[in-house]
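Let's take a walk through a protein model together, starting with the whole chain and then zooming in on a few spots. Keep the picture open as you read.

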Amino acid sequence: MRWNSRMAEKLLSVAVLVIFVLNATGRLYKLKRRTRARYNYYFGKDGPPTYAKLRKWEAALPQHNLSLPFPEGKYGRYVRFSNQVRWLGWNNVFNDVLMSAHLAYISDRAYVFQDYYWAQEHYHWPPSTYVSYEARTPLPAIISGPVAGGAFEPGDTAPRSISDDWWEVVCPLASRRLINARQVKKQIPDDASGLAVLEHWQQILHDATESCVEVISANWEGEGDGLPQVFDLWVWSSPRVLSLWDTFSTSPISRLLGPSPIVQDAVERNSVLFAPRGSRPPSAAVVKDAYRRMLAIHLRRGDYESHCRNLAGYRSGFYGWAQFHHLPDRFDTETVEEKVFRRCFPDVELVVKKVAEARKDYLVGHEGGTLDVVYVLTNGEKEWVEALGEALRADGWARVLSSVDLVLDKEQMDVAMAVDMELARKAEVFVGNGWSSFTSNIVYQRLLDNRDPITIRFT
């Protein structure tokens, strides 16, 4: 009996030891994961940028101060759009961010800016390297201006935008009024103009007496909406959005919008690529700004082929600001399906023809001008891009560059889409894809810059 007791004690001891080891192993694994994430955060080894300095700048924004007088500080007026687009391409999010920030501004509330959350398939780094549980980039790494925490103009007393982190401080959960976007959208006719949508929401947000308002995509009972944004896809993809232009284009959200310092540094770093090289026609001597001799063209490839097939099948019209009737290359909804597809997903031959046409039309009204450089904004395969370059050079273009030619550091690579957009904004002529939100936002910025409509073209 004594022997059995001792054996039982030994078995119990072994069991306890096994449990301890397994528990320790689990803790060690979790510690290893936390340590790796922490290491990636501070050093960024083989992973995305940590933005450590930018995070400190963001946290130290002067509006992050509870002691500030109304309409900022502890008793200020704030609105957070928790129904904001996530996990889509940057320009779908960019639309939502800008228009929501404008709505906040005209409602006398501070806009709460959030990180850009990437769709994993668009991100440059694998999940094992993430510095947080999701792939995301600080908004001030992509753009600058009041929408991303920057100052308004002198004399403008509007409350400044605050970060998502500061929202948690100044607007604890118990203090928030929650507004279900779906319930509000039910009150607005389906065919309402974009301006009518804006004015409806402005009245709600302006008249709300609570300091902290949060617009959510569903109620707590799980009611959802596939398109819960205030300005959803149905607004952006129809001419209804154009009614917003006058108020939106004159807003400080638009007027003071600019590239982030990271994007600006990338553009300056690569400006030498677009400088004149070799012999040039005599007229080229007067064109000292390299961008004034450049045509930029947006050519999305890859997954866009199937998207264009769908658009062609529905004979879908242009998107966003590309719908303005005063711009060239209008889309005719009576166009046959195959022609719609070819415009949306042009082959090399059509691209060469379009840029030649755009150059010819531009030079007619710009005597003494020169266009001899093409910059291709694309995600196309290397072989396709090289074939396009050969065809363009054979058609008389002196220099052809593409997105892959840019020299970018880790932070600049993370915001490469914004670098491409800034280059297209600066180009003398831009040829875009009228069905693309990427193109739409370049058109938006070029219109803000008062560019000649003949310099804004579509494939």
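Let's begin with a term: a residue is called buried when its relative accessible area is under 20%, exposed when that value is over 50%, and partly exposed in between, using a 1.4 Å probe and counting protein chains only. By that rule, 51% of the protein's 459 residues are buried.

## Where the numbers come from

This is a predicted model, so to speak of a local feature takes a pLDDT of at least 70, side-chain atom pairs count only at pLDDT 80 or more, and totals for chains, interfaces and linings use all residues. Residues are numbered from 1 along each chain as its sequence is written, and side-chain values use heavy atoms, with hydrogens and water left out.

## The big picture

The protein has 17 helices and 14 strands. Here helices (H or I, at least four residues) and strands (E, at least two) are DSSP runs, numbered from the N terminus.

What about contacts, meaning heavy atoms within 4.5 Å? Take the contacts with a separation of 6 or more: 79% of them involve residues 24 or more positions apart.

## A covered helix and a tucked-in end

How many residues of helix H16 are buried? The count is 10 of 11, so this helix, spanning residues 416-426, is mostly covered. Among the buried ones are Met417, Val419, Met421 and Leu423, and charged names turn up too, including Asp420, Glu422 and Arg425.

Now look at Thr459, in the segment after strand S14 (456-458). Thr459 is buried, because its relative accessibility is 10%. Leaving out residues up to four places away in sequence, Thr459 touches Ile297, Leu299, Arg343, Pro346, Lys354, Val431, Gly432 and Asn433.

Find Phe70 and Pro71: the peptide bond joining them is cis, with omega about 15 degrees. Pro71 sits in the loop between helix H2 (52-59) and strand S1 (78-81).

Two other residues have a positive phi without being glycine: Tyr51, near 55 degrees, and Trp87, near 60 degrees. Tyr51 is in the loop between helix H1 (2-43) and H2, while Trp87 is in the loop between S1 and helix H3 (90-106). Is each one buried or partly exposed? Tyr51 counts as buried because its relative accessibility is 3%, whereas Trp87 is partly exposed at 45%.

## Salt bridges across the chain

A salt bridge here is a side-chain nitrogen of Lys or Arg within 4 Å of a carboxyl oxygen of Asp or Glu. The structure holds 22 of them. One joins the side chains of Glu72 and Arg160, at 2.7 Å from N to O. Glu72 lies in the loop between H2 and S1 and Arg160 in the loop between strands S5 (143-144) and S6 (162-163), so this pair ties together parts 88 residues apart in sequence. Glu72 is buried at 12% relative accessibility, but Arg160 is partly exposed at 22%.

Another salt bridge pairs Arg80 with Glu214, whose closest N and O atoms are 3.7 Å apart. It links distant parts of the chain, with Arg80 in strand S1 and Glu214 in strand S8 (residues 212-216), 134 residues apart. Arg80 is buried at 10%, and Glu214 is buried at 9%. These two also belong to a salt-bridge network with Asp164, Glu168 and Arg176. A further pair is Glu357 and Arg457, at 2.8 Å from N to O; Glu357 is in helix H13 (residues 348-365) and Arg457 in strand S14, 100 residues apart. Glu357 is partly exposed at 32%, while Arg457 is buried at 2%.

## A negative patch

Which residues form a negative surface patch? They are Glu381, Glu383, Glu386 and Glu390. Patches are made of residues with over 30% relative accessible area and no salt bridge, joining like charges within 9 Å and nonpolar side chains (Val, Leu, Ile, Met, Phe, Trp, Tyr) within 5 Å. Lys and Arg count as positive and Asp and Glu as negative, leaving out His and the chain ends; a charge is placed at NZ of Lys, CZ of Arg, CG of Asp or CD of Glu. Glu386 lies in helix H14 (residues 382-394) and is partly exposed, at 41% relative accessible area.

Key. Areas by Shrake-Rupley, 256 points an atom, 1.4 Å probe, with all protein chains shown as cover. Contact = heavy atoms within 4.5 Å.
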